[in-house]
Amino acid sequence: MFSSRILAAVAVCVAVGASPVSAQEPFYKGKRLTLLVNFDAGSATDIDARVFARHFIKHVGGAPQLIIQNMPGGGGANGTMYLGEVAPKDGTVVGFLTATAWNFAAEPERFRVDFKTYEHIGYTGGTAVYYMRKDVPPGINKPTDIVKAKGLVSGGVNARTGRDISIRLTLDVLGVPFRHVTGYGSGERARLALQRQEIHLYSDTTPGYRGAVEGTLVKDGTVIPLWYDPHWDGKTFSRSKQVEGLPIKAFHEVYQEIFGKMPSGPHWEAYLALITLNGAMQRILSLPPGAPPAAVAALRAALDGLNNDKEYHADAVKTLGFIPEYYAGADAASQVRSALTVRPEIRTFVADYIAKGAK
């Protein structure tokens, strides 16, 4: 009988030892997770990130604490480079990165650590809404009036960012004379410059437009929305869900109203390359290269949970005006890596375009 009891005890120990996964604690239990946002507090990226963070953390197994760290500069490049070069690679710092896909695709040589080697958790696409002051001579009362504008000054965050480049590209495609002033560092500062009449035209991602422009500068008649960036898959244009309900047309539609034909030329081709990448991967959630696979799996599962979170949906609609949809499939990282390439001739054109940009 004694031997039988020993054998039974051994059998229990073996059974327990044979299923370590079931007894394994969640990766993030007892840890603190930092969400690194690569733009200023108050920016459109930051507005989005804070709504995201409030609900995302609920779905991370192990109930870790979460803090937000803003690291602006370089049109989003500073925070992205910090994540790859300096941040701990133990899964405790995850980047909420905007504009990085285009920044890297256009100028990969700027990145000391190849962005393709980061551990990409998931991504969501986006669009931007362009708007300008109505008091620009001779008076701008509808989007097609922009071709009459005199002394137009556009503004931007950093000459290298996709936002600055797309503002300039759309105006060049239209053939509108303008001067571009950049270096404002964040959307919040650029909007303030517009209110002070230092600049007349700017563009925001939809969270920034809906949250900081539509109910204020549009409502009081200071600015008029011009157009938004459509989605382009290489064959067809489509309207982002993010601009549903907004009485705004896509850029190419405004162009057709003015000229009666579709745009063409190198500026238009560069614009299409830019909106293709930004439209698919405007924001990317990434860990540093070499982060633990368990951290990747835990955060990817949390993104899946967020996509089905009705409280998040309600908060996003209230704050952003739409519900961001994140792709977090097992192939998310490979999809990001394969997308981070643009045609050599586009890269050459963009590099020259940046070099000739406004001071």
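Mentor: We'll take salt bridges, then a pocket.

Mentor: This is a predicted model: local features need pLDDT of at least 70, side-chain atom pairs count only at pLDDT 80 or more, and totals for chains, interfaces and linings use all residues. Residues are numbered from 1 along each chain as its sequence is written, and side-chain values use heavy atoms, with hydrogens and water left out.

Trainee: How many salt bridges in the whole structure?
Mentor: The search finds 20. A salt bridge here is a side-chain nitrogen of Lys or Arg within 4 Å of a carboxyl oxygen of Asp or Glu.

Trainee: Which residue does Glu311 form a salt bridge with?
Mentor: Lys58, with the closest N and O atoms 2.9 Å apart. The two sit 253 residues apart, Glu311 in helix H12 and Lys58 in the loop between helix H3 and strand E2. Helices (H or I, at least four residues) and strands (E, at least two) are DSSP runs, numbered from the N terminus.

Trainee: Is Glu311 buried or exposed?
Mentor: Exposed, at 54% relative accessibility. Lys58 is partly exposed, at 42%. Buried means under 20% relative accessible area, exposed over 50%, partly exposed in between (1.4 Å probe, protein chains only).

Trainee: What about Arg112, which residue does it pair with?
Mentor: Glu85, with 3.1 Å between the closest N and O atoms.

Trainee: Switching to pockets. Which residues lie nearest the centre of the largest pocket?
Mentor: Thr124, Lys241, Ile323, Pro324 and Glu325, out of 16 lining residues. On a 1 Å grid over the protein atoms alone, a pocket is an open set of points where a 1.4 Å probe fits, with protein on both sides within 12 Å along at least five of seven lines; lining residues have an atom within 4 Å of a point.
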